[in-house]
Amino acid sequence: MKCKYCDYQVPENAHLCANCGRILAEKKEKKPVKKRSYIIFIIIAVAVIFICGMLAMNFQSSMNGNHSTHPSNDLGISYIQFKNQFNDNDYAEKINLSIGTVEKKTGSEDTYHYALSDKLLLIEKVNSQSNHLRQITLIGQPSSIQEDNVKLIGAMGIIIDTFSSDLSINDRKEILRDLGFNETVKDLKSINAETIRGNIKYVFKYKENLGFIFSVSNKNDMI
């Protein structure tokens, strides 16, 4: 091997020329093995395992939710709690209304009937598994007697007090106004209205051969 600068004969793999002293070739340093790619691979693998685990947990949770025996779209209280709250209302005593022993009809869901008066029927639909109310329906027969109309509207007010107790008195009265009970209404039979407060849906309408119907249910419950 010769020096590329002075043509002096030098040993193979010589780093310096013994004649001219120039550097013939720089030593090639071994580059350290980059570990970054391995680290990224490990991070990705851990992330994939974590995500798969979370998906499995969510799927299991979803399956458990689908098999739940307690409905989430009910009125949140049992028929006994409703009965007690209705009877404890001061206005119920004032207009002589109370819920006594109810007539139970058993089916896919239990239904309770109770005659609040000879013109006023209360129907409660209860989920037989959770024992929570799904719907309350008040049916009133048209009457020319003022006392009967007072009891109909009074019972509606008591039920609104029960399920919208978090609202102020004026806001609860506003529910009745939204249902058509205002100074502009000349005939209750012309009303067909509904309104929602929170998760509670209130409906008032009139049906021929049945009477006035006031119903309360969860807004998400498809009854």
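Contact means that heavy atoms lie within 4.5 Å. Helices (H or I, at least four residues) and strands (E, at least two) are DSSP runs, numbered from the N terminus. The model is predicted, so local features need pLDDT of at least 70 and side-chain atom pairs count only at pLDDT 80 or more, while totals for chains, interfaces and linings use all residues. Residues are numbered from 1 along each chain as its sequence is written, and side-chain values use heavy atoms, with hydrogens and water left out.

**View 1. The buried residues of helix 2 (residues 79-88).** Tyr 79, Phe 82 and Phe 86 are buried (under 20% relative accessible area, with exposed over 50% and partly exposed in between; 1.4 Å probe, protein chains only). These residues lie on the same side of helix 2, because they cover an arc of only 55 degrees around its axis (taken from the directions from the helix axis to the C-beta atoms). Their packing partners are helix 3 (90-94), strand 2 (110-117), strand 3 (120-126), strand 4 (133-140) and helix 4 (146-163).

**View 2. The contact of helix 4 with helix 5 (residues 169-178).** Met 156, Ile 160 and Asp 161 in helix 4 meet Arg 172, Ile 175 and Leu 176 in helix 5. By class, this contact has 4 nonpolar, no polar and 2 charged residues (Ala, Val, Leu, Ile, Met, Phe, Trp, Tyr, Cys and Pro count as nonpolar, Asp, Glu, Lys and Arg as charged, and the others, Gly among them, as polar).

**View 3. The buried face of helix 5.** Arg 172, Ile 175 and Leu 176 are the buried residues of helix 5. They line one face of the helix, because they fall within an arc of 95 degrees seen down its axis. They pack against helix 4, strand 5 (192-197) and strand 6 (200-207). Just after helix 5, Gly 180 takes a positive phi of about 105 degrees.

Terms used
Axes fitted to C-alpha atoms, helices over the stretch in contact; angles between N-to-C directions.
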